Protein chains: 2
Amino acid sequence: MREIEGGVCAPRGFRAGGIWCGIKAGSRKRDLALIYADTPCVAAAMFTTNRVKAAPVLVSQEHLAGGILRAVIANSGNANACTGEAGLAAARLMAELAAGEFAIRPSEVAVASTGIIGVPLPIAAIESSVSSLADSIHPGPAGHEAALEAIMTTDTRKKAAALEIEIGGKALRLGAMVKGSGMIHPGMATMLCFITTDAAISRELLDRALRGAVRRSFNRVTVDGDTSTNDTVIVMANGEAGNAPIVSEGPDYALFAGALETLCVKLARDLARDGEGATRLVTVSLNGAVDEAAAELLARTVAASSLVKAACFGADANWGRVLCALGYAGVDFDPAAVDLRFAGAAGEILVCKAGAPVPFSEEEARKILSQEEIEIRIELAGGGTGAAVAWGCDLSYDYVKINGDYRS
Amino acid sequence: MREIEGGVCAPRGFRAGGIWCGIKAGSRKRDLALIYADTPCVAAAMFTTNRVKAAPVLVSQEHLAGGILRAVIANSGNANACTGEAGLAAARLMAELAAGEFAIRPSEVAVASTGIIGVPLPIAAIESSVSSLADSIHPGPAGHEAALEAIMTTDTRKKAAALEIEIGGKALRLGAMVKGSGMIHPGMATMLCFITTDAAISRELLDRALRGAVRRSFNRVTVDGDTSTNDTVIVMANGEAGNAPIVSEGPDYALFAGALETLCVKLARDLARDGEGATRLVTVSLNGAVDEAAAELLARTVAASSLVKAACFGADANWGRVLCALGYAGVDFDPAAVDLRFAGAAGEILVCKAGAPVPFSEEEARKILSQEEIEIRIELAGGGTGAAVAWGCDLSYDYVKINGDYRS
């Protein structure tokens, strides 16, 4: 497995582009993206668990029912959520407009939106620009970059990756882009993620691989505990790598699923690192729970605690808050059997043994916690083998600043 | 029912006091409190649901099993949580020391602590000061005030109340003090609350009344989603009002339970208003859910949303975040049947009708949301009668500041 360049355009047979159509009226930043596959793809997707689902989520769920996609059209600057029937009509029209440019069926187009909730989508701006968007798509890294820019909102970093693996002598490629910074919480994070691959794989196994990868990546990220109305992860596979199609759970599937999970974990970490206002990536790793589900819930609860996050911002080794968060995770464990360490590039320090304080150097702890990447290592000495990792970020003044007046 | 002065000393037969014993080493603020009943009281209590329970919680749970209390000893500045066997021994010693001063049984003394987690309790400071503390107790408002000051941590306001009701021609009094500012979340909020009453009531009904009152008050407050290790609510009833003992669920019980709930709701609102860094009290009222439990969960989820809280701080009418939070509350409802209003002293404004945007004046909305008390009014047009109110506060820079380096 090796990292390659090109994001969603790294796999063969995909083109992408992004333009400014006028939704982000003030900034003139790109706000309309298209990813296009030259041939039909089997596709799988996962959407927000929020009961209030944005119009594009509802439309994409319908379109994905067919299992075949040719394109994804996405806009930033407006979430097209809580926009009633007009919003639903606008989301449908987005798919129709994209389909019209390539003479494909609207049901082969997925739609995604991200941005402000509760404001009518300026669909006229999209309508008048969709031809330029279609003309702009490109099979190289420039196409990927333009599309990626066009789905970003409060993101401060471009988040994308591509991998190449070899299966049966054929090189398979996977590429992905993701956006997301606020409204990020497991189940799923507030995010759009588009993944392309030239693997030949059945729709069923593509779906299974996606669910496994998302469970151990995006669903273990938290920024602020708010699960968005628009979360969408879509993977499209066009089979152009020419591998013997993956249709059962053998070694080929394991290789592919492993690569997909690696890709998603990288992007999940990037999401946490780029959390709104974040100054640090916080990794919470937990071992010794009764099973993986318990470990995941414990690790996620620590990563989501406002008090733990604020302590990380202040580089304050206030480990009692970690124990406190474990205690309200809703999972049984022995509070007197918890060991706790802070770790990072600057070293590792034990701060709590068997649930009780141990003497440690505050100076050394502060040094470790002042790094841009820190880890909270939790060991439960209960004899269980459940382990999980969750990712979050610190809670800073800038989170409040960004969200105190997001709309203006 | 009328408000009276004197807090926990308003009911007959209670004395209280508070001193500085040295736990708050730097500030020399009061840090050790005692509430004492001249005669044995029936008592009821509720404690944190956190699996990591502080030593004083474990000790008080044991002592409350007997159902009779004479005193509560409480310290601030150190939570005596995550402190192992030594912490448990210290909590037991606190009860023994207080009992020794009054020749009562240690099991008749409840213990509570609040402050930093994971630091050994400086029990020697308490040991050498407990006699002065016992000498300082007073039956008047000054005793109440001193005790109240001695349980405060990051609290910026004194939170206390007292009520008088009449039952069968007898005046019954209830008095309470509460502390809490951060680590506040339903089930229960991070808080200590001590309630006294001179009502004559059976232990069973006192317990029932307390559970009902807490459910509709403290369990509907959220500041930061962190449920503490030390939450404690204790009520002591000494029967000195001379009313015919309340031993069954008739009108007398209803009056008493109503007064207790009124007292707790007032203090719950005070907790939210004094949330760490809070600049506004945010009341979320919700009508039309399938039942009260659903209404409560929906209202609490909105009050707990970091994004809603940050929007309140910025006086930004970003109502989509309210719908988004409703959507992930885990309760079924029709997103297309939600009406939403912002209200307060400056008026009321409809911002969302049937789940879709309605035109409104941003200027007027900002005026309403700029007040110190604001209300988010949610109507679900589903035909249900479930209603609930939850209280929270905004998320400000100061929350981050206070919690970024709490220990220094």
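**Before starting**

This is a predicted model, in which local features need pLDDT of at least 70, side-chain atom pairs count only at pLDDT 80 or more, and totals for chains, interfaces and linings use all residues. Residues are numbered from 1 along each chain as its sequence is written, while chains are lettered from A and ligands numbered from 1 in the order in which they are written.

**Stop 1: the two chains**

Colour chain A and chain B separately. Two copies of a chain are related by a rotation about an axis and a shift along it. Here a rotation of 180° with 0.0 Å of shift along its axis places chain B on chain A, with an RMSD of 0.0 Å; the superposition is by least squares on the C-alpha atoms of residues with pLDDT of at least 70 in both copies. The two copies are therefore related as by a two-fold rotation axis. To find this axis from chain B, select Tyr397(B), whose C-alpha is the nearest to the axis in that chain, at 2.6 Å.

**Stop 2: where the chains meet**

Helices (H or I, at least four residues) and strands (E, at least two) are DSSP runs, numbered from the N terminus.

**Stop 3**

Select Ile117(A), in the loop between strand E5 (109–116) and H3 of chain A. Is Ile117(A) buried or exposed? Ile117(A) counts as buried because it has 29 C-beta neighbours inside 10 Å; a residue is buried with 20 or more other C-beta atoms within 10 Å of its own, exposed with 12 or fewer, and partly exposed in between, with C-beta atoms placed from the backbone. Beyond four places in sequence, the contacts of Ile117(A) include Thr229(A), and also Gly320(B), Arg321(B), Leu323(B) and Cys324(B). The C-alpha atoms of Ile117(A) and Asn80(A) are 6.4 Å apart, although 37 residues separate them along the chain.

**Stop 4: the domains of chain A**

Colour residues 2–269 as domain 1 and residues 281–404 as domain 2 of chain A; such bounds come from an automatic or database domain assignment. The centres of these two domains, taken over C-alpha atoms, are separated by 32 Å. Their contact takes 10 residues from domain 1 and 12 residues from domain 2 of chain A.

**Stop 5: helices and a sheet**

Select helix H4 (141–150) of chain A, where eight of 10 residues are buried; among them are His144(A) and Leu148(A). In helix H8 (306–313) of chain A, eight of eight residues are buried. After H8(A) comes Ala315(A), with a positive phi near 50°.

Now display the open sheet of six strands in chain A, ordered E13-E12-E11-E14-E10-E15 with mixed pairing; two strands pair if DSSP finds at least two bridges between them. E13 (356–357) and E15 (386–393) of chain A stand at the edges, each with a single partner strand, so one side of each has no neighbour in the sheet. Strand E10 (281–289) of chain A runs antiparallel to E15(A), joined by eight bridges. Within these strands, Leu286(A) stands opposite Ala388(A).

**Stop 6**

Finally, select Arg28(A), a residue other than glycine with a positive phi of about 55°. Arg28(A) is exposed, with 9 other C-beta atoms within 10 Å. Asn80(B) also has a positive phi, near 45°, but counts as buried, with 32 C-beta neighbours inside 10 Å.

Definitions and conventions: Two residues are in contact if their C-beta atoms, placed from the backbone, lie within 7 Å.
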